[in-house]
Amino acid sequence: RGQSAAADPRLAGRALKRVAFSEAQIAARVAELGREITAFYPDDDLLVLGLLKGSFIFLSDLVRQIARPLHVDFLVASSYGDATVSSGTVRLLYDPETELEGKHILLVEDIVDSGRTLQKLVELLGDRRPKSLEICALLHKHIATHLDHPVRFVGFDAPEEFLVGYGLDHAEHFRHVPYVASLQ
Ligand code: 5GP
Ligand code: MG
Ligand code: MG
């Protein structure tokens with residue numbers, strides 16, 4: 001797709017299989033998502049809650065495409081460690097300091113796979129009485145059998161491969177790669 005993962009000096013000699021979404025594709029889609037989100041919210045009190053670490057690049061690009069007042073905070077949850085398969089346990093390592101009650105919460109996630117992580121977070125955040133709670137994910141594998149909540153805003157339908165780049169890691173590598181590529 002006009003971008004090669006083979007000769008990228010960011011990879012330290014490790015090979016990525018294929019570029020799934022290029023920088024240009026991502027930028028165009030993030031701009032569209034920003035417009036969708038801007039139009040979606042009827043009033044203020046929008047809190048964009050990024051799930052660290054995977055969402056940090058997506059979130060920073062996305063909020064600059066949302067043309068309305070908003071606040072930003074983060075959550076840190078842990079479910080995968082360095083493995084490529086979900087363990088099913090979700091730990092909250094950092095809780096947002098911002099008051100959530102009465103806010104429109106937009107939870108920003110890098111990728112939805114089984115949906116376990118998000119299901120747990122939706123339950124936790126729902127208990128804090130937000131005005132609304134929606135999910136925005138850059139990538140969605142559509143096998144989220146564990147998620148009982150719609151993913152309202154989706155960047156791309158993702159292939160069932162392990163993806164890295166644009167914030168997504170494997171064992172903390174590749175987060176700074178500016179495109180999304182498959183690992184194996
Ligand atoms: P889930 O709980 O939906 O199975 O997975 C949630 C988290 O696992 C995602 O937010 C992401 O951090 C990680 N994950 C799932 N699929 C992938 C993938 O293809 N690549 C990477 N790098 N992380 C993934
Ligand atoms: Mg994640
Ligand atoms: Mg990870």
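A residue is taken to be near a molecule or strand if its C-beta atom, placed from the backbone, lies within 6 Å of it. The model is predicted, and local features were kept only at pLDDT of at least 70, side-chain atom pairs only at pLDDT 80 or more, while totals for chains, interfaces and linings use all residues. Residues are numbered from 1 along each chain as its sequence is written, and chains are lettered from A and ligands numbered from 1 in the order in which they are written.

**Stop 1: the ligand**

Select ligand 1 and display its shell, which consists of 19 residues, the closest being Asp-113, Ser-114, Arg-116, Thr-117 and Leu-168. Sorted by class (nonpolar: Ala, Val, Leu, Ile, Met, Phe, Trp, Tyr, Cys and Pro; charged: Asp, Glu, Lys and Arg; polar: the others, Gly among them), the shell contains seven nonpolar, seven polar and five charged residues.

Next, colour by secondary structure, where helices (H or I, at least four residues) and strands (E, at least two) are DSSP runs numbered from the N terminus. At least two shell residues come from each of β5 (104-112), α3 (116-126) and β8 (163-164), and β5 gives the most, with four.

**Stop 2: a three-stranded sheet**

From β8, move to the open sheet in which three strands run in the order β1-β9-β8 with antiparallel pairing; two strands count as paired if DSSP finds at least two bridges between them. At the edges lie β1 (18-21) and β8, each of which pairs on one side only. Select β9 (residues 180-182) together with β8 to see their antiparallel pairing over two bridges, and pick out Leu-163, whose bridge partner in β9 is Ser-182.

**Stop 3: helix α1**

Now select residues 23-40, helix α1, whose 18 residues reach 26 Å from the first C-alpha to the last, close to the 26 Å expected at 1.5 Å a residue (the expected span being 1.5 Å times one less than the number of residues). Which residues of α1 are buried? With buried meaning 20 or more other C-beta atoms within 10 Å of a residue's own, exposed 12 or fewer, and partly exposed in between, all C-beta atoms being placed from the backbone, they are Ile-26, Leu-33 and Ile-37. Seen down the axis, these buried residues fall within an arc of 35 degrees, so they line one face of the helix; the arc is that of the directions from the helix axis to the C-beta atoms. The face turned away from the buried side carries exposed residues, including Glu-32 and Arg-35.

**Stop 4: the whole chain**

Zoom out to the protein chain, which has three helices and nine strands, and in which buried residues make up 33% of the 184 residues.
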